[in-house]
Amino acid sequence: MSRYRKIFNRIITSIFLVVLLSINTQSLAADGAALFKANCASCHKVDKDFAGPALKGWKDRVPEGNWIYDWIHNPAAMIAKDPFAKELFNKWKPTTMTAFPALKNEEIDA
C-alpha cells in the first residue's frame, strides 16, 4: 500500500468519526432541550430565578456525586435526610420540586 493511500484512509476515517460524534452530540442536545421544555421549563429558567432557582451554574452550588440525580428522582426523600436539600426547600417553600423518578441519569445529563 502506498504511503499516500494510508494517509488518505486515515483522513477519511477521522472525518467519518468526527461526523458521527457530532451527529450524536446534536441529538443529545435536541433530546435535552425537549426534556427541559416538557419537565423543567415551567418552574426553571436558565439564567434567572423563577418558581425555582436558575439552572445556570448549578454544578457549583450543589454537593458533588449523585446528589443531583437523587434530588431530581425524589426531592421529598432528599429533604428528609440531606441538609443542603432542606436548605433549598426552606428557601423556595411552599413550592416543592416535582419528583421525576422515571428520568434516567442520561436524560438528566442531556
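**Figure 1. The overall fold has six helices and zero strands.** From the N terminus on, the elements run α-α-α-α-α-α; helices (H or I, at least four residues) and strands (E, at least two) are DSSP runs, numbered from the N terminus. This is a predicted model, where local features need pLDDT of at least 70, side-chain atom pairs count only at pLDDT 80 or more, and totals for chains, interfaces and linings use all residues. Residues are numbered from 1 along each chain as its sequence is written, and side-chain values use heavy atoms, with hydrogens and water left out. Of the protein's 110 residues, 17% count as buried (under 20% relative accessible area; exposed is over 50%, partly exposed in between; 1.4 Å probe, protein chains only). As for contacts (heavy atoms within 4.5 Å), take those between residues at least 6 apart in sequence: 40% of them join residues at least 24 apart.

Figure 2. At the start of H5, Asp82 puts a side-chain oxygen within 3.2 Å of the backbone nitrogen of Phe84. Past H5, in the loop between H5 and H6, there's Pro94. A cis peptide bond links Lys93 to Pro94, with omega at about 15°. For context, most peptide bonds are trans.

**Figure 3. The largest pocket, with a volume of about 1,200 Å³.** A pocket here is an open set of points on a 1 Å grid over the protein atoms alone, where a 1.4 Å probe fits, with protein on both sides within 12 Å along at least five of seven lines; lining residues have an atom within 4 Å of a point. Grid points are joined across faces, edges and corners, and the volume is the space filled by probe spheres set on the points. The lining takes in 43 residues, with His44, Leu55, Trp58, Ile68 and Ile72 nearest the centre. Helix H1 (3–39), helix H2 (58–61), H3, H5 and helix H6 (105–109) each give two or more residues to this lining. H5 supplies the largest share, six residues.

Key. Polar contact = N/O pair within 3.5 Å; in protein donor to acceptor, adjacent residues only side chain to side chain.
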